[in-house]
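Subject: A structure for you to look at

Hello,

Here is the structure I promised to pass on, and below it are some notes on what turned up. Have a look at it first, then read on.

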Amino acid sequence: MTTQEYIELYDKYMDTVKRDGKEKFVKWLKTETDFFTAPASGKYHCNYEHGLVEHSFNVLNYARNLYIFSKKKLSRFSRYTRRKY
């Protein structure tokens, strides 16, 4: 992916965030940092251009999937543990 494609994908995710200060943070990230071009590590995983943003998306997707999975497991489990009055 190109830097521009990563920025567009990031913007898509950030459109779902409803939090004060988001616009200021996004502007800072895009203009004052190398977040979209930097490697995630100097020696290890994602040690290449765009590695940091790619790693960040990987963590986001993992956390989202973990959350979805845990809600499904909890909802299935809760029907057996709910008390009926």
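One cut-off before the rest: a residue is called buried here when its relative accessible area is under 20%. Please also keep in mind that this is a predicted model.

By that cut-off, serine 41 counts as buried, because its relative accessible area is 16%. You will find serine 41 in the loop between H2 and helix H3, the latter covering residues 51-81. In one, the side chain of serine 41 reaches the backbone nitrogen of lysine 43 at 3.2 Å. In the other, a polar atom of that serine 41 side chain lies 2.9 Å from the backbone nitrogen of tyrosine 44. Once neighbours within four places in sequence are set aside, serine 41 is in contact with Cys46 and Asn47.

Now for the overall picture. The protein has three helices and zero strands, so to speak of its order from the N terminus is simply to write α-α-α. Of the 85 residues in the protein, 19% are buried. As for contacts between residues at least 6 apart in sequence, 33% of them join residues at least 24 apart.

Helix H1 takes in residues 3-14, twelve in number. From its first C-alpha to its last it reaches 16 Å, close to the 16 Å expected at 1.5 Å a residue. Which residues of H1 are buried? They are Tyr6, Ile7, Tyr10 and Met14. Looking down the axis of H1, you will see these buried residues fall within an arc of 100°, so they line one face of the helix.

Met14 also comes up in the surroundings of lysine 22, which touches Met14, Asp15 and Val17 when residues up to four places away in sequence are not counted. Lysine 22 belongs to helix H2, which runs over residues 22-32. Does lysine 22 come out as buried or exposed? Lysine 22 is buried, yet it has no salt bridge. The nearest side chain of opposite charge is that of glutamate 23, 4.4 Å away. What the lysine 22 side chain does reach is the backbone oxygen of valine 17, at 3.2 Å.

If you open the model, the places I would show you are the serine 41 loop between H2 and H3, the buried face of H1 and lysine 22 in H2.

Best wishes

Note on methods:
Residues are numbered from 1 along each chain as its sequence is written. This is a predicted model: local features need pLDDT of at least 70, side-chain atom pairs count only at pLDDT 80 or more; totals for chains, interfaces and linings use all residues. Side-chain values use heavy atoms; hydrogens and water are left out. Helices (H or I, at least four residues) and strands (E, at least two) are DSSP runs, numbered from the N terminus. Buried means under 20% relative accessible area, exposed over 50%, partly exposed in between (1.4 Å probe, protein chains only). Lys and Arg count as positive and Asp and Glu as negative; His and the chain ends are not counted. A salt bridge is a side-chain nitrogen of Lys or Arg within 4 Å of a carboxyl oxygen of Asp or Glu. A polar contact is a pair of N or O atoms within 3.5 Å; within protein, one must be able to donate a hydrogen and the other to accept it, and residues adjacent in sequence count only if both atoms are side-chain atoms. Contact means heavy atoms within 4.5 Å. The expected span of a helix is 1.5 Å times one less than its number of residues. The arc is that of the directions from the helix axis to the C-beta atoms.
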